[in-house]
Amino acid sequence: MLIGLLSPSPGVRGPGLPGSWTDRHDVRTFKHLYKTPILGTIPAVQGPETRREQALRRAAVIGGLVTFTVALSVFLIAYHAKIRAILNI
């Protein structure tokens, strides 16, 4: 229990904490618990705010990849001679 409370991972939370089971399960997992048939689920509403959040998330991921690529390129250019000497190429 203590490890679950201290863990930052969303899938490894202690019992009773928000998101501890909702991260991995949906309605289909619990169909056998109900006498009435579950015929469908309510789809997620995709409004302008949701699309804006997705675009912002996509831009952040692409920006992070570009930043990492540029930083790696600068590092390799700046330390080219030392890297070659270490690897004996």
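Begin by selecting F68, L72, F75, L76 and Y79, which make a nonpolar surface patch of about 500 Å². Patch members have over 30% relative accessible area and no salt bridge, like charges being joined within 9 Å and nonpolar side chains (Val, Leu, Ile, Met, Phe, Trp, Tyr) within 5 Å. A salt bridge here is a side-chain nitrogen of Lys or Arg within 4 Å of a carboxyl oxygen of Asp or Glu. Areas come from the Shrake-Rupley method with a 1.4 Å probe, and for residues only the protein chains shown count as cover.

A note before moving on: this is a predicted model, in which local features need pLDDT of at least 70 and side-chain atom pairs count only at pLDDT 80 or more, while totals for chains, interfaces and linings use all residues. Residues are numbered from 1 along each chain as its sequence is written, and side-chain values use heavy atoms, with hydrogens and water left out.

Keep F75 selected: it sits in helix α2 (residues 48-78). Helices (H or I, at least four residues) and strands (E, at least two) are DSSP runs, numbered from the N terminus.

The structure holds one aromatic pair. The ring centres of F75 and Y79 lie 5.1 Å apart with planes at 45°, so the pair is tilted. Rings of Phe, Tyr and Trp (its six-membered ring) pair if their centres lie within 6.5 Å; planes under 30 degrees apart are stacked, over 60 edge-to-face, and the rest tilted. F75 has a relative accessible area of 43% and Y79 is at 39%; both count as partly exposed, the class between buried (under 20%) and exposed (over 50%), with a 1.4 Å probe and protein chains only.

Next, select residues 80-87, helix α3. Zero of its eight residues are buried, so α3 lies largely in the open. N88 follows α3 and has a positive phi, near 55°.

Finally, zoom out and colour by pLDDT, the predictor's confidence in each residue from 0 to 100. The protein chain reads α-α-α, and 6% of its 89 residues count as buried. Confidence is lowest in helix α1 (residues 2-6), at a mean of 48, and highest in α2, at 95.
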